[in-house]
Amino acid sequence: MPMKSDAVVIGGGVVGLGAALTLIESGLEKVTLLENKVIASGGSGLGTGSVHTQRWYATDSDLIQRTRSIVKRLATTTNGVFDLYPVGRLTVVGGADGEIVSAYGRHLRTIGIDAVELSRNELKARFPEMNVTDIDRALFTREDGVLYPPALSWALAGFFRKAGGTIWEGCAATGLKIAGNRIRGVSLSNDDIIETDRVIVAAGVWSRKLLQTAGLDLALTHAVTHNSVMTIGRRDLWSQVPSLLDGVLGVIAIPRNPGTIMAANTAGEYQAPISRSENVMRSSTVELIERDEEFKAETLQQQASVLAQLRHRYSGYDIRGIVGHWAGLLDGTPDNHPLLGAFPGIDGLWVGCGLTGYGVQRGPGVGEALAHLALGKEPLVDVSAY
């Protein structure tokens, strides 16, 4: 007897889980989520966890607002076991980019975000141990924060399972079944087929590979990203470390947990063939470095650069040496906008991928929008631009 489902979601990251939860909470009885490995084993588990509304595009800011609403609901229901921790988001720039940041702040305030523009002196007053000598202007959104990405994924999974959803981990979707330009089902690695007329593909960098099994394709790119982890010696300043985008030095720094900073060069993505990049998903960063001389050289160079940059910016914080690092795969697009919506020419197929390293902060909102589209509803966020 064939297996049947009202909808199949492929991908156990925050996008897929957000879509699956919305589908079943909207009234579908049988929703199946397929994950090739385990929940949050891809980019959703490796993200820095920064959730900030400082995005250049209105659609992004709206999606992040939806994510924050979803996270707030999860946090309230779990009595704070899972939560978003407010640390603030700080963008700092030199003179050449000052007006751009001012315009950006005005845009954020028009959509209801508390975005405060700071001069050099105001920034020094707020963060007295920070080196601001090369900064002209800053933008601070105090309500932004960080969360633990695996916890978000597992919270979404738990609510989905409790609502009656089905999660199959270690279960690979090997192909899409299409007939007459309409989705008919999903094939599994053991040759079983789940019959369905709704499929949402949210498998990150692997989405393209899956679609190609049905003769479809996406303009999806990928890159390996690596982050360095360093400790802060000044314990009294642990609560004064914002999520930072440093436009002067070209570095991001995220205090996901008190006392440590996860940092990377903003130009620190390493391109590699997908077959080679798969090693990142199967091995530790150390093992990958041992096998790949090019990646090793890139990593060591960026680690030294990032450490020097952080010691310059956080001059009074006592930034210690690097204690660890990790790598993961980013799925992106040529124009850096996600691919979100119905797949052209195929009824019953929707795609959500290409979030370019900002998947955790937009993912639940993206998943919710995909589910609404799959149900024939108007999404709470207008995602037509994507």
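Let me start with Arg-362, which counts as buried because its relative accessibility is 1%; buried means under 20% relative accessible area, with a 1.4 Å probe and protein chains only. This is a predicted model, where local features need pLDDT of at least 70, side-chain atom pairs count only at pLDDT 80 or more, and totals for chains, interfaces and linings use all residues. Residues are numbered from 1 along each chain as its sequence is written, and side-chain values use heavy atoms, with hydrogens and water left out.

Arg-362 sits in helix H11, residues 359–374; helices are DSSP runs of H or I, at least four residues, and strands are runs of E, at least two, numbered from the N terminus. Setting aside neighbours within four places in sequence, Arg-362 contacts Arg-55, Asp-60, Leu-63, Ile-64, Thr-67, Pro-338, Leu-355 and Thr-356, contact being heavy atoms within 4.5 Å.

Next, the cores. The largest nonpolar core has 44 residues, and Leu-23, Leu-74, Leu-147, Leu-152, Leu-156 and Ile-200 touch the most other members. By nonpolar core I mean a set of buried Ala, Val, Leu, Ile, Met, Phe, Trp, Tyr and Cys residues joined through side-chain atoms within 4.5 Å. At least two residues each come from elements including strand E2 (7–10), helix H3 (58–77), helix H6 (149–162) and H11. H1 gives the largest share, eight residues. A second, separate core of 25 residues includes Phe-140, Ile-232, Val-241 and Ala-263.

Back to Leu-23: beyond neighbours within four places in sequence, its contacts include Ala-7, Val-9, Ile-200 and Ala-371.

Note on methods. Buried < 20%, exposed > 50% of the residue type's maximum accessible area, 1.4 Å probe, protein only.
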